[in-house]
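This briefing goes through selected features of one chain, grouped by topic. Please keep the sequence and the coordinates at hand while reading.

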Amino acid sequence: GQPNTWAFFCSSPGRESSSPMVWFGCMDSLALNYESTATVPDPSACVYPPISGCTDSTATNYNPLAQSSDGSCTFAGCTNSNAENYNSLAVTDDGKCEIKGCMDSDNANYNSEATFEDATDCKLVTGCKDPAAENYDSRANHGNDAELCIITGCMDEQAINYNSKATQSSNDCTYPLYGCTDSRYSQYNSGATTDDGSCQLVDCTDSTAVNYNSLATAQLYPIRWPETNCVYAPPPSLPPPSPPPSPAAADPFPSPAQPALRRSDSMAVREALLLTEWLNGSASQLSYHGLVQLHASLAEAELAVFFRNNHFATITKHGGELYLLATDVGFAREPLVVWERLNQIDGDSTLCTSEFERVEESLTTTATEEAAAAAIAADIAEAEAREAAGLGPAQDEASDMALAIQLQREEEEQAQLAEQQMQQMQLQREQALAAQQGYGPAGPAPAYPGQPYRQQQQQQQPPQQQQRGNCLLQ
């Protein structure tokens, strides 16, 4: 038979009963001993699995039927960690937190959460409340930290380690070292802490060029502005030239044919033009490329020797600008003029004071200039007279004056020679252009089809009407 299952049947003496058998057992399908053949339920016989739940009677979710704990117990209690009776297991506050503190709202130590107090809670403790201070007092609840706290540190705002809370100096301020902080540049200074913009590289700055340099800070002008060192990819091949016009479409007014220049003549013309442009751009012995290089190589407040036009001068950089020391004899009677700003290559500069401030033109009057010129002329005349008489220098600095006069004469002679060369180059250039256009001394070349009608008419005019401002056309 099955456990917890029993059966019985009824019968009369001497007779066999035909009544069905009665089976008693657990008929609950949730029970462990569920009996499907039982005909009469017996709840007391059912055996169920153990019940899990909160088995702590002090918990808010206590289950008296639970046979094993599942860790789900929740407790009510004080959830304020500042309270004396704080319960870390409590998930529901029971409103019974006990917080000790000063309950006097007029007191500086007042605690709005306090539920009880003693005589010491409302007592003021004056001291430094800043944990970073050297005299920090954890008991302090009153006082001005700016007056009571002692913090030692650097008090110079210009220093790198400046401490805004410092109340007394530590005498260990560290100041920035300016320089180029980018190791990719030649001006890189490994000891520099603050970049001063001195990282410079003069090269091609056009991103469309083949030799574009992403590190370049200024454009390189090898010859003169605006010609650059940028190299560009060759343009796509041009379409084939169109066939020559048919005789029927030829110009009814034929003109002289353009003479073909030899290759040597073309190169000579091109070189002459390049030389002319170079002379025009470098007559002052300073180019834009050289000016950019000076800016790149000279550091702020650095002194150097600058050689130009056979003269040595003192050069420096101040506020990102270049300045030359004004030592010309023409400034001998200009006490305000000390520096000459170098920002042009054609000599059109700005005169400045010892503080690098611009000297107003009103301070350099015409009378002052005339007096200075007269004094210089007198000094030159006196030096020449003494030189003609075979006398020695009047003063120790007379030798400097003589040297200045000699250099001035040499500079004037060189300027005249350069001017003559410029005029000669200009004349050669005009002659080359005239020869290239067919207006040489031998007269126009034979006509060729397609020359513009206006040019034909000009060539048919009398010779005296064909002059173009030069003496080459007869």
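Predicted model: local features only at pLDDT ≥ 70, side-chain atom pairs only at ≥ 80, totals over all residues.

Which residue does a disulfide join to Cys-78? The partner is Cys-97, with an S to S distance of 2.0 Å.

**Disulfides**

- Searching the whole structure gives 7 disulfides; three of them are described here, including the pair of Cys-78 and Cys-97.
- Cys-78 sits in the loop between β6 and β7 (90-93), while Cys-97 sits in the loop between β7 and α1 (145-148), so the link spans distant parts of the chain, 19 residues apart.
- The torsion about the S-S bond of Cys-78 and Cys-97 is about 115°, which makes this disulfide right-handed.
- Cys-78 and Cys-97 are both buried.
- Another disulfide connects Cys-54 with Cys-73, at 2.0 Å from S to S.
- The link of Cys-54 and Cys-73 is right-handed too, with 115° about the S-S bond.
- Because Cys-54 belongs to the loop between β4 (52-53) and β5 (68-69) and Cys-73 to the loop between β5 and β6 (75-77), the pair ties together parts that are 19 residues apart in sequence.
- Cys-54 has a relative accessibility of 2%, so it counts as buried, whereas Cys-73, at 21%, is partly exposed.
- Cys-180 and Cys-199 are buried.

**Salt bridges**

- Side chains of opposite charge can pair when their charged atoms come close.
- The count of salt bridges comes to 2.
- Lys-129 pairs with Asp-145, and the closest N and O atoms of the two are 3.4 Å apart.
- Lys-129 is partly exposed at 32% relative accessibility, and Asp-145 is partly exposed at 25%.
- Asp-182 and Arg-184 meet through their side chains in a salt bridge, at 2.9 Å from N to O.
- Arg-184 has a relative accessible area of 56%, so this residue is exposed.

**Surface patches**

- Asp-328, Glu-410, Glu-411, Glu-412 and Glu-413 form a negative surface patch.
- Glu-411, one of the residues of this patch, belongs to helix α5 (residues 398-436).
- The relative accessibility of Glu-411 is 34%, so it counts as partly exposed.
- Val-305, Phe-307 and Phe-312 make a nonpolar surface patch of about 380 Å².
- Phe-312 is part of strand β16 (residues 311-318), and its relative accessible area of 65% makes it exposed.

**Backbone and burial**

- Most residues other than glycine have a negative phi, and most peptide bonds are trans.
- Ala-301 has a positive phi, near 65°, and is not a glycine.
- Ala-301 is located in the loop between α3 and β15 (303-308), where it counts as exposed at 59% relative accessibility.
- Phe-356 is not a glycine either, and its phi is positive at about 65°.
- Phe-356 is placed in the loop between β19 (350-352) and α4 (366-388).
- Leu-286 is found in the loop between α2 (263-282) and α3 (288-297), and at 6% relative accessibility it counts as buried.
- Leu-286 and Arg-308 are 22 residues apart along the chain, and their C-alpha atoms are separated by 7.7 Å.
- Cys-352 is buried, with a relative accessible area of 0%.

How values were computed. Residues numbered from 1 in each chain as written. Heavy atoms only, no water. Disulfide = S-S within 2.5 Å. Helix = DSSP H or I, 4+ residues; strand = E, 2+ residues; numbered from the N terminus. Buried < 20%, exposed > 50% of the residue type's maximum accessible area, 1.4 Å probe, protein only. Patch = residues over 30% accessible without salt bridge, like charges linked within 9 Å, V, L, I, M, F, W, Y side chains within 5 Å. Areas by Shrake-Rupley, 256 points an atom, 1.4 Å probe, with all protein chains shown as cover. Salt bridge = Lys/Arg side-chain N within 4 Å of Asp/Glu carboxyl O. Lys, Arg positive; Asp, Glu negative; His and termini not counted. Charge placed at Lys NZ, Arg CZ, Asp CG, Glu CD.
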